[in-house]
Amino acid sequence: MASAKAIASPVPDAWYPTLAVLMLAVGLVLTASFFIYEATSSKRNRSLAKELTTGGVASVFLGFGSLFLLLSAGVYV
């Protein structure tokens, strides 16, 4: 048991704030584009694949952005 290695993050701690801002910004832009697409397209011209793709990618970016925001604030989840 003495040879066990400590758990370390694959991302350096100094990158947490930058990654949080970048990923949250990308997620919010994708969310805005999703809402604009929903508001401006008619029901006949909508594409389910585009809606799911945009919503899924925005969700991933907002999720990881929130994670890095919590990590940069010192809340280790």
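## Salt bridge, loop and helices in a predicted model

Arg46 and Glu38 form a salt bridge, with their closest N and O atoms 3.6 Å apart. The term salt bridge stands for a side-chain nitrogen of Lys or Arg within 4 Å of a carboxyl oxygen of Asp or Glu. One salt bridge is what the structure holds. This is a predicted model, in which local features need pLDDT of at least 70 and side-chain atom pairs count only at pLDDT 80 or more, while totals for chains, interfaces and linings use all residues. Residues are numbered from 1 along each chain as its sequence is written, and side-chain values use heavy atoms, with hydrogens and water left out.

**Overall form**

The protein has two helices and zero strands; these are DSSP runs numbered from the N terminus, with helices being H or I of at least four residues and strands being E of at least two. Its radius of gyration is 18 Å, whereas a compact globule of 77 residues would have a value near 11 Å. That radius is taken over C-alpha atoms, and the globule rule is 2.2 Å times the number of residues to the power 0.38. The C-alpha trace spans about 65 × 25 × 15 Å along its principal axes.

Of the 77 residues, 18% count as buried. Buried means under 20% relative accessible area, exposed means over 50%, and partly exposed lies in between (1.4 Å probe, protein chains only). The protein exposes about 5900 Å², and carbon and sulfur atoms supply 71% of this area. Areas come from the Shrake-Rupley method with a 1.4 Å probe; for residues, only the protein chains shown count as cover. Among contacts with a separation of 6 or more, 64% are between residues 24 or more positions apart, a contact being heavy atoms within 4.5 Å.

**Around Arg46**

Ser41 sits in the loop between helix H1 (16-40) and H2. The side chain of Ser41 makes a polar contact of 3.4 Å with the side chain of Arg46, and also reaches the backbone oxygen of Tyr37 at 2.7 Å. A polar contact is a pair of N or O atoms within 3.5 Å; within protein, one must be able to donate a hydrogen and the other to accept it, and residues adjacent in sequence count only if both atoms are side-chain atoms.

Glu51, in helix H2, is in contact with Phe34, Tyr37, Glu38 and Arg46, leaving aside its neighbours within four places in sequence. Between Glu51 and Leu62 there are eleven residues of sequence separation and 16 Å in space, C-alpha to C-alpha.

**Along helix H2**

Thr53 lies in helix H2 (residues 48-72). A polar atom of the Thr53 side chain is 2.7 Å from the backbone oxygen of Ala49. Thr53 and Val77 are 24 residues apart in sequence, and their C-alpha atoms are 27 Å apart.

Leu70 is also placed in helix H2. Together with Val75 and Val77, Leu70 makes a nonpolar surface patch of about 270 Å². Patches are made of residues with over 30% relative accessible area and no salt bridge; like charges are joined within 9 Å, and nonpolar side chains (Val, Leu, Ile, Met, Phe, Trp, Tyr) within 5 Å.

**Accessibility of the residues discussed**

| Residue | Relative accessibility | Class |
|---|---|---|
| Ser41 | 15% | buried |
| Arg46 | 31% | partly exposed |
| Glu51 | 18% | buried |
| Thr53 | 48% | partly exposed |
| Leu70 | 37% | partly exposed |
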